[in-house]
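Hi,

Here is the structure I promised to pass on.

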Amino acid sequence: MQYAKILGTGSYLPANRVSNDDLAKKVDTSDEWITTRTGIKFRHIADEAEKTSDLAAEASRRALVAAGVAADEIDLIIVATATPDMQFPSTATIVQQKLGIENGCPAFDVQAVCAGFMYALSTANAYIKSGMAKKALVIGAETFSRIVDWNDRTTCVLFGDGAGAVVLGASDEAGIIHSKLKADGNYLDLLNVPGQIANGQVCGSPYVKMDGPGVFKFAVKMLAKIADEVISEAGYTPDEIDWLVPHQANKRIIDSTAKHLGLDMEKVILTVQEHGNTSAASIPLALDVGIQNGQIKRGQNLLLEGIGGGFAWGAVLVKY
């Protein structure tokens with residue numbers, strides 16, 4: 001049986017690090033207000049010249065080095081993003097070009113907002129298990145700061161920019177054990193960016209619109225449910241999970257998921273305080289941080305899970 005095994009990870013954060021106090025100088029908020037409600041202390045904001053593909057390419061280079069894999073060995077590229085460089089071509093093809101990969105491998109984007117990396121990882125897993133790919137580059141990358149209204153304190157304090165990447169390889173050793181994806185478009189009004197480009201103009205607001213309490217309630221319920229399902233369907237129990245690597249949106253949501261699973265917070269990779277919500281980038285960013293700082297070790301069982309606008313959500317059980 002072929003598994004998709006994580007061979008290496010990498011991440012990249014823009015140099016501009018913005019604190020809650022910095023935001024308080026521009027909008028009616030405070031460090032105490034943001035920290036109490038979200039757990040966020042800092043976020044990174046991309047330079048005007050930095051594109052989503054630039055963040056993605058740098059995270060990918062670091063992941064390739066960590067994996068000991070040459071760029072031209074990659075035969076599949078998937079980028080999860082809600083903030084692509086342009087309408088088309090896909091950001092994945094732009095990353096392909098920036099990495100100098102000229103073998104003609106498929107490259108495409110996945111759009112499931114904050115759940116995007118779960119969707120991309122599950123798709124790459126299917127490619128590898130079916131034999132359609134042997135080494136895949138899976139990336140979550142966002143410049144979310146560009147679709148945030150910086151006068152809206154309910155949303156601008158939440159988001160940041162960044163990228164995380166994973167190199168997957170076909171292996172006889174256990175890797176991705178089980179994954180599950182879900183979606184429900186009936187809740188689209190709770191979290192969306194309603195604007196679209198038509199006839200050369202933006203029709204509708206180009207900024208994130210969010211019903212905070214509604215999103216919180218739905219996320220807490222569905223993340224707990226899908227975590228249970230993935231663990232049980234794989235034949236595991238919560239006490240066999242070594243690390244929870246959640247979407248870093250809100251510490252209270254993360255706390256709730258860990259409590260539901262009976263996991264001590266010492267078994268949760270937590271980066272929301274440093275990065276804010278980087279949407280599709282948040283899970284691979286947190287994963288790379290956990291590996292780089294020595295928390296996550298080979299052979300351990302990881303539960304990755306996230307939820308995003310749509311709603312779309314998913315969870316993946318991995319033996320690292």
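First, some ground rules. This is a predicted model, where local features need pLDDT of at least 70 and side-chain atom pairs count only at pLDDT 80 or more, while totals for chains, interfaces and linings use all residues. Residues are numbered from 1 along each chain as its sequence is written, and side-chain values use heavy atoms, with hydrogens and water left out.

**The two domains**

The chain splits into domain 1 (3-173) and domain 2 (177-319); these bounds come from an automatic or database domain assignment. Taken over C-alpha atoms, their centres are 14 Å apart. Domain 1 puts 49 residues into the contact and domain 2 puts in 45 (contact means heavy atoms within 4.5 Å).

How much area do domain 1 and domain 2 bury between them? About 3600 Å², with 62% of it on carbon and sulfur atoms. Buried area here is the accessible area (1.4 Å probe) that two parts lose on being put together, summed over both. On the domain 1 side, Cys114, Met118 and Tyr119 lose the most area to domain 2, together 17% of what that side buries.

The interface also has one salt bridge (a side-chain nitrogen of Lys or Arg within 4 Å of a carboxyl oxygen of Asp or Glu). Elsewhere in my notes I have Arg17 in a salt bridge with Glu274, with the closest N and O atoms 2.8 Å apart.

**Gln248**

Gln248 sits in the loop between strand 13 (243-246) and helix 8. Helices (H or I, at least four residues) and strands (E, at least two) are DSSP runs, numbered from the N terminus. Is Gln248 buried or exposed? It counts as buried because its relative accessible area is 0% (buried is under 20%, exposed over 50%, partly exposed in between, with a 1.4 Å probe and protein chains only). Its side chain reaches the backbone oxygen of Pro246 at 2.8 Å and the backbone nitrogen of Val272 at 3.0 Å. Leaving aside neighbours within four places in sequence, Gln248 is in contact with several residues, including Ile254, Asn277 and Ala286.

**Lys251**

Lys251 lies in helix 8 (residues 251-261). This lysine is partly exposed, at 29% relative accessibility. Not counting residues up to four places away in sequence, Lys251 touches Thr38, Gly39, Leu270 and Val272.

Cheers

Methods:
A polar contact is a pair of N or O atoms within 3.5 Å; within protein, one must be able to donate a hydrogen and the other to accept it, and residues adjacent in sequence count only if both atoms are side-chain atoms.
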